Amino acid sequence: MKNTPTLAAPLAHRTVPHLVTSLPGPRAAALIARDDQVLSPSYTRDYPLVIARGLGCTVEDVDGNLFLDFTAGIAVNSTGHSHPEVVAAIIDQATKFLHMSGTDFYYEPEIELAEKLAQIAPGKMAKRVFFTNSGAESIEAALKLARYHTGRQQVVSFFGAFHGRTYGALSLNGSKRVHHQGFGPLLSGIHRVAYNCSRAAIQELFDRVAPPSEVAAIFVEPVQGEGGYLVPDAGFLPMLREICDTNGILLVADEVQAGMGRTGKWFACEHFGVVPDMVCLAKGIASGMPLGAVVAKAEVMDWPPGSHASTFGGNPVSCRAALASIDLIEREYMANARERGEQLRAGLSRLASQFDFLGGVRGLGLMTAIDVNRGSVPDPERRNVLVHAAFHQGLLLLGCGRSGIRFCPALCVTAEEIDTALNILAKICGG
Ligand code: PLP
């Protein structure tokens, strides 16, 4: 930290991007060399960004370079970096108490947040909330609760799915072999079918392998995230709901990436008129403070005291950050996500008509992606080249799926920032 330069002008008053060194700059290079000696080699850093501070959609690195951030820390900083209202809530709570463990004691921020989540989660029925620290932990909790509540063992998930890296969540994944390779044996009783599949595909699974009377839950991302920001057909989620209703199966929506206003509605499943039995949350819920949640129908969350808990889950500082974030998202950022998403997809479609290696513009709100292809074949190498080129122009992007570029900026992103990102993309595609 002592190496971080102090900057004279506040971030908000600079033109972004603004690069003052080659990348990585000297301070970033030195830190990356140290990181290389001590951090786990399992991390996947695509380019050498070393953040010093951030505000809104601007990130400043340790060398004073300013970047336009269209990653939001992997769809997490929903209200932008260090929103003053979120920071104020964090400071206020930190001066009162940092931790008391909601598993064994009571405190108001956790209760207030549970009430708010129960109110905004799909469906008018009574709900209960279990708090966690991450997306994977939310999935673990939902998986355990599904088995406990139904007394059944089998679970259905989808190819392309990403639910996290703890053993239960990992067992549901169907996205990349590297997540599984060398880690077996995983949980038994998990069956995968193609995402956005037909009713017949699920029926075939039931007929050949998994009797529906033994299936506890179907876990689905309403918009598939790491798998490629894939928006399913309008009938897919309603079809899953119907199958679940017919067979006493729980429908679990993994809204870890798509939820909390990112798609222009609180939850992506609302775009499809579907009310899940459980909703799993994390990422954007607290603008960057570690927090996750499972919001379940009250009748489903029927496990007894001691059956599941987490020391840190529902941390009071994180809960206050979540309440402040929800307030901001409700007041203006959810509507902004809708409008800026449309602006972004219109601009990406223009680029796709200009460059024949770009195509497949898709998304809801600010969960938007475009594919990089060679002819009709995905071209991950060129996608990686473009993501790197964007970094060197001061635009932070991430990949998704086989050859997708994802755009998941903070929900406070401005029309000007969307235009700037599109201009940089046009430049690197033409260059
Ligand atoms: N579910 C989805 C849809 C995700 O995108 C992710 C993370 O990318 C997870 C679960 C796991 O979340 P975490 O990394 O917080 O464990």
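**Note on the predicted model: backbone, helices and ligand site**

1. Ser 82 sits in the loop that joins α2 (72-75) to α3 (84-96). This is a predicted model, and in it Ser 82 has a positive phi of about 45 degrees even though Ser 82 is not a glycine.

2. Two cis peptide bonds deserve a careful look, and each leads into a proline. One runs from Val 16 to Pro 17, with omega near 0 degrees, and Pro 17 belongs to the segment before α1 (26-38). Another cis bond runs from Leu 23 to Pro 24, where omega is near -5 degrees, and Pro 24 is likewise placed in the segment before α1.

3. The next point concerns a pair of helices. Two packed helices are described by the angle between their axes and by the distance between those axes. For helix α10 (residues 316-354) and helix α12 (residues 415-430), the axes come within 10 Å and cross at roughly 20 degrees. Because angles under 35 degrees count as roughly parallel, α10 is roughly parallel to α12. The crossing in which α10 passes α12 is right-handed.

4. Which residues are around the ligand? They are Ser 134, Gly 135, Ala 136, Phe 162, His 163, Gly 164, Glu 221, Glu 226, Asp 254, Val 256, Gln 257 and Lys 283. Sorted by class, this shell has three nonpolar, five polar and four charged residues.

5. A nitrogen atom of the ligand lies 2.7 Å from an N or O atom in the side chain of Asp 254, and a ligand nitrogen atom is 3.4 Å from a polar backbone atom of Phe 162. On the side of the ligand's oxygen atoms, one of them is 3.2 Å from a polar side-chain atom of Lys 283. As for cover, the ligand taken alone exposes 400 Å², and the protein buries 82% of that area.

Terms used: Residues numbered from 1 in each chain as written. Predicted model: local features only at pLDDT ≥ 70, side-chain atom pairs only at ≥ 80, totals over all residues. Heavy atoms only, no water. Near = heavy atom within 4 Å. Polar contact = N/O pair within 3.5 Å; in protein donor to acceptor, adjacent residues only side chain to side chain. Areas by Shrake-Rupley, 256 points an atom, 1.4 Å probe, with all protein chains shown as cover. Nonpolar A, V, L, I, M, F, W, Y, C, P; charged D, E, K, R; others polar. Axes fitted to C-alpha atoms, helices over the stretch in contact; angles between N-to-C directions. Helix = DSSP H or I, 4+ residues; strand = E, 2+ residues; numbered from the N terminus. Parallel < 35°, antiparallel > 145°, perpendicular 65-115°, else oblique. Left-handed = near helix turned anticlockwise from the far one by under 90°.
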